[in-house]
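Have a look at it first, then read on.

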Amino acid sequence: VKSEFKLSRRIQTFLNGVFVSKDSVIMNSIIDSSSSPFGKSTIGTSSVVEHCHLEGTTLKVGTNCVVSGLRGCCHSKIEIPSNMVLQFLPLREGNEGNKQYVCMYLGISDGIKEHGRFFGVSFNDFLNDTGLTFDDLWDTDDTKRYLWSSRIHAVISLKNDGTFDWEPFKWMQHYICAGREGFSEPLVKASLEKWK
């Protein structure tokens with residue numbers, strides 16, 4: 001990443017308990033994993049992490065990833081497989097003053113203005129594997145069925161204490177890494193149901 005775009009590897013960044021691989025870029029971020037019970041964070045080769053603020057959280061980022069806007073504290077390990085994009089976008093304050101974010105989790109090569117591929121697999125295979133339908137993801141009269149506008153992107157709440165629940169996204173990690181076989185574990189099925 002750095003050599004192609006002539007980027008500095010670290011800009012306005014504080015890292016504690018984080019191993020960063022060669023050619024990764026971290027900017028405008030604070031990642032402190034020193035107090036996480038799940039160990040140190042790792043950022044894979046040729047990945048970009050930007051605008052993140054994580055404390056007490058273990059973040060495992062694969063190679064060739066983009067992670068943007070991730071913030072808060074998660075009481076589990078966040079694993080982002082290689083060739084993925086994870087972006088938190090602020091929405092509004094929810095009930096009880098909780099801040100809400102839409103979490104866009106896509107394959108690095110997924111076209112956001114189409115629905116041909118999702119997580120690097122054909123969209124029809126994804127629907128068959130998960131049991132979802134087009135009507136679950138878009139209104140029936142929606143003529144522009146893009147990934148960008150689908151209801152596949154979950155909304156999460158950052159609680160008043162700064163924590164959030166990563167559980168609804170664990171099924172995605174298993175699916176990306178193991179395909180349909182990733183759903184064989186009961187905890188993964190529970191995660192998919194929580195996400196729905």
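## The pocket and what surrounds it

The lining of the largest pocket splits into three nonpolar, three polar and five charged residues (Ala, Val, Leu, Ile, Met, Phe, Trp, Tyr, Cys and Pro count as nonpolar, Asp, Glu, Lys and Arg as charged, and the others, Gly among them, as polar). Keep in mind that this is a predicted model, where local features need pLDDT of at least 70 and side-chain atom pairs pLDDT 80 or more, while totals for chains, interfaces and linings use all residues. Residues are numbered from 1 along each chain as its sequence is written, and side-chain values use heavy atoms, with hydrogens and water left out.

That pocket holds about 160 Å³ of space. Its lining is made up of Phe38, Lys77, Glu79, Glu167, Lys170, Gln173, His174, Glu185, Leu187, Val188 and Ser191. H4 and H5 are the elements that give two or more residues to it. A pocket here is an open set of points on a 1 Å grid over the protein atoms alone, where a 1.4 Å probe fits, with protein on both sides within 12 Å along at least five of seven lines; lining residues have an atom within 4 Å of a point. The volume is the space filled by probe spheres set on the points, which are joined across faces, edges and corners.

Phe38, one of the lining residues, sits in the loop between strand E3 (25-32) and strand E4 (41-43). Helices (H or I, at least four residues) and strands (E, at least two) are DSSP runs, numbered from the N terminus. Phe38 is partly exposed, at 39% relative accessible area (buried is under 20%, exposed over 50%, partly exposed in between, with a 1.4 Å probe and protein chains only). Beyond its neighbours within four places in sequence, Phe38 is in contact (heavy atoms within 4.5 Å) with Thr58, His75, Ser76 and Lys77.

Now for helix H5 (residues 186-195): Val188, Ser191, Leu192 and Trp195 are buried. They share one side of H5 because they cover an arc of only 100° around the axis, taken from the directions from the helix axis to the C-beta atoms. Pro186, Leu187 and Glu193, on the other side, are exposed. Helix H2 (123-130) and helix H4 (170-178) are among what covers the buried residues.

And the cysteines? The disulfide count is zero, a disulfide being a pair of cysteine sulfur atoms within 2.5 Å.

| Cysteine | Relative accessible area | Closest cysteine sulfur |
|---|---|---|
| Cys74 | 2% (buried) | 7.2 Å, in Cys73 |
| Cys103 | 2% (buried) | 11 Å, in Cys74 |
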